[in-house]
Amino acid sequence: MAAHSPTAITSTVAQGPDWLELGARWQFRTQAEGWWRAPDLSLADLAARLGTNTAYLSRAVNEGLSMNFNEMINRMRAAEAARLIDSDSGATMVQIALDAGFSSKATFNRVFRAAYGTSPSEFRRLRSQISAVARESEASSPAEPGDSSA
């Protein structure tokens, strides 16, 4: 029997849910809806929003995505914080943490460091240095032949 035959698919479905597929789908929806921004988001809250129960959601995240609920939510929050830092909005770190859904600066710093290997402040400093070097490089580049902007 071929691996992709209707019988193989039916027997896979009969074995139970595809936790990877469910985890990925629910992770995508959580990201797209921005639900991770709620600082007090719980497993029960998210399960209700997704129209499932906590046991299914937890298993899909744990088995399907190989992480726990808090890791999934905090990774989304850390990615948003990095995006906000990159946007160079001038917001304080506390404001970035709150905008990204963190309820405390300590949790923000711990999660961000785990995700990016550096503190949010150091990340901002390094990004600022990289941007400055890029601007200097652009300013000192010779004009291309036919470039009328020079």
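Reply:
**Helix α5 and its neighbours**

The axes of helix α5 (residues 69-86) and helix α7 (residues 105-116) come within 9 Å of each other and cross at roughly 85 degrees. α5 is therefore roughly perpendicular to α7, a label for angles of 65 to 115 degrees; under 35 counts as roughly parallel, over 145 as roughly antiparallel, and the rest as oblique. Axes are lines fitted to C-alpha atoms, for helices over the stretch in contact, and angles run from 0 to 180 degrees between N-to-C directions. Helices are DSSP runs (H or I, at least four residues), numbered from the N terminus, as are strands (E, at least two).

This is a predicted model, in which local features need pLDDT of at least 70 and side-chain atom pairs count only at pLDDT 80 or more, while totals for chains, interfaces and linings use all residues. Residues are numbered from 1 along each chain as its sequence is written, and side-chain values use heavy atoms, with hydrogens and water left out.

On the α5 side, the contact with α7 (heavy atoms within 4.5 Å) is made by N74, A78, A79, A81, A82 and I85. α7 contributes F108, V111, F112, A115 and Y116. These residues divide into ten nonpolar, one polar and no charged. Here Ala, Val, Leu, Ile, Met, Phe, Trp, Tyr, Cys and Pro count as nonpolar, Asp, Glu, Lys and Arg as charged, and the others, Gly among them, as polar.

Next comes helix α8 (residues 120-140), whose axis comes within 10 Å of that of α5, crossing at roughly 40 degrees. That angle makes α5 oblique to α8. A82, I85 and D86 of α5 meet P120, F123, R124 and R127 of α8. This contact has four nonpolar, no polar and three charged residues.

Helix α2 (residues 19-33) also packs against α5: the axes come within 11 Å and cross at roughly 40 degrees. α2 and α5 are therefore oblique to each other, and α2 passes α5 in a right-handed crossing. Q27, T30 and Q31 of α2 touch M72, I73 and M76 of α5.

Technical notes:
Left-handed = near helix turned anticlockwise from the far one by under 90°.
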